[in-house]
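The sequence and the structure come first, and the text follows.

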Amino acid sequence: MKEYIITIAVAALAAALADILAPKEWDKYIRVIIGFLILSVLLAPIAEFRHARILPVTDSFEVSDEPLRDSVSEELRRRVEQDIEERIADEYGVNVTASVSIDIDSEHNIRGVKAIRLRCWQNPDGMLDRIKNIYGCEKVELELE
């Protein structure tokens, strides 16, 4: 706070000195420049506050991204199931219920679709091969109802 007050005082003194020393025909230009100078001095703390950290960063403060990772894999699983159901309904005219398991490695990276289980009342020709090709999954099981 002390530095802020000193900065304002120095800016005001510089403005007064410039106003005294400048020729009269430069008066309006000097006042505009001084106005910008004083305005920037007054607004400087706002710019500093904008970049300030609200929470202190310490070694003991640890953020876990596990809930986010779980929600992403769950959302991916849900969307793949929905896509399979819509694709089979559009291409083959069959209502199907899909269950998908997502392959996640030891470092918690999503590798792809591990297995697909389909439940429907009929098996159109080429349906299982089409799903295997689209999702790159070798383990596609069909359960007829």
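Leaving aside its neighbours within four places in sequence, which residues is Ser 73 in contact with? Ser 73 is in contact with Ile 102, Ile 104 and Ile 110, where contact means heavy atoms within 4.5 Å. Ser 73 is placed in helix H3.

**Basis of the description**

This is a predicted model, in which local features need pLDDT of at least 70, side-chain atom pairs count only at pLDDT 80 or more, and totals for chains, interfaces and linings use all residues. Residues are numbered from 1 along each chain as its sequence is written, and side-chain values use heavy atoms, with hydrogens and water left out.

**The chain as a whole**

The protein chain has four helices and three strands. Helices (H or I, at least four residues) and strands (E, at least two) are DSSP runs, numbered from the N terminus. Along the sequence, the pattern is α-α-α-β-β-α-β. Of the 145 residues in the protein chain, 19% are buried. Buried means under 20% relative accessible area, exposed over 50%, and partly exposed in between, with a 1.4 Å probe and protein chains only. Among the contacts in the protein chain with a separation of 6 or more, 44% are between residues 24 or more positions apart.

| Residue | Relative accessibility | Class |
|---|---|---|
| Ser 73 | 12% | buried |
| Leu 128 | 22% | partly exposed |
| Glu 145 | 63% | exposed |

Leu 128 is in helix H4. Not counting residues up to four places away in sequence, Leu 128 touches Leu 118, Asn 123, Val 140 and Leu 142. Leu 128 and Val 140 are 12 residues apart in sequence, and their C-alpha atoms are 6.8 Å apart in space.

Glu 145 lies in the segment after E3. Residues up to four places away in sequence aside, Glu 145 touches Arg 119, Cys 120 and Trp 121. The C-alpha atoms of Glu 145 and Gln 122 are separated by 7.9 Å, and the two residues are 23 residues apart along the chain.

Helix H4 covers residues 127-135, and its buried residues are Met 127, Ile 131 and Tyr 135. They cover an arc of only 50° around the axis, which puts them on the same side of H4. The arc is that of the directions from the helix axis to the C-beta atoms. What covers these buried residues includes helix H3 (66-92), strand E2 (110-120) and strand E3 (139-144). H4 is followed by Gly 136, which has a positive phi, near 65°.

**How H3 meets H4**

H3 and H4 pack at an angle of about 135°, with their axes 12 Å apart. Axes are lines fitted to C-alpha atoms, for helices over the stretch in contact, and angles run from 0 to 180 degrees between N-to-C directions. The two helices, H3 and H4, are therefore oblique to each other. Angles under 35 degrees count as roughly parallel, over 145 as roughly antiparallel, 65 to 115 as roughly perpendicular and the rest as oblique.

Which residues make the contact between H3 and H4? On H3 they are Val 80, Asp 83, Ile 84, Arg 87, Ile 88, Glu 91 and Tyr 92, and on H4 they are Met 127, Arg 130, Ile 131, Ile 134 and Tyr 135.
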